[in-house]
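Dear colleague,

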Amino acid sequence: MKKYRYLSYDARKIIEKKYKKGERPEDIAKAVGANTATIYNELRRGYTGQEDENFRPGYSAEIGQRVLQERFKARGKRGGKSGKKCEAPEGGKA
């Protein structure tokens with residue numbers, strides 16, 4: 001079974017460059033060594049809010065990297081509605 005991995009910032013820069021040239025996500029995926037779905041997810045993650053010169057949604061590697069890092073930070077801050085972490089009940093097993 002293949003292990004999952006995250007795109008590096010260098011891979012994001014390659015995606016940005018090739019996407020600006022007008023290359024298809026399928027071709028970008030082959031160049032980066034990732035699945036096509038990964039490229040589509042990354043293009044959504046790094047959306048700039050504007051269209052590029054090819055009239056497609058704009059992509060920025062910096063935005064994609066920043067969004068990913070923000071989501072990593074938010075992972076550890078989960079808790080219930082009160083914001084407290086769950087604890088084992090007294091006398092019981094967790």
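How far apart are the end C-alpha atoms of helix 4 (residues 61-75), and what should its 15 residues span? The end C-alpha atoms lie 22 Å apart, which agrees with the 21 Å that 15 residues should span at 1.5 Å a residue, the expected span being 1.5 Å times one less than the number of residues. Helices (H or I, at least four residues) and strands (E, at least two) are DSSP runs, numbered from the N terminus.

This is a predicted model, in which local features need pLDDT of at least 70 and side-chain atom pairs count only at pLDDT 80 or more, while totals for chains, interfaces and linings use all residues. Residues are numbered from 1 along each chain as its sequence is written, and side-chain values use heavy atoms, with hydrogens and water left out.

In helix 4, Ala61, Gly64, Gln65, Val67 and Leu68 are the buried residues (buried is under 20% relative accessible area, exposed over 50%, partly exposed in between, with a 1.4 Å probe and protein chains only). They cover an arc of only 165° around the axis, which puts them on the same side of helix 4; the arc is that of the directions from the helix axis to the C-beta atoms. These buried residues pack against helix 1 (9-21), helix 3 and strand 2 (57-59), contact meaning heavy atoms within 4.5 Å.

Asparagine 35 sits in the loop between helix 2 (25-32) and helix 3 (36-45), and is partly exposed, with a relative accessible area of 49%.

Best regards
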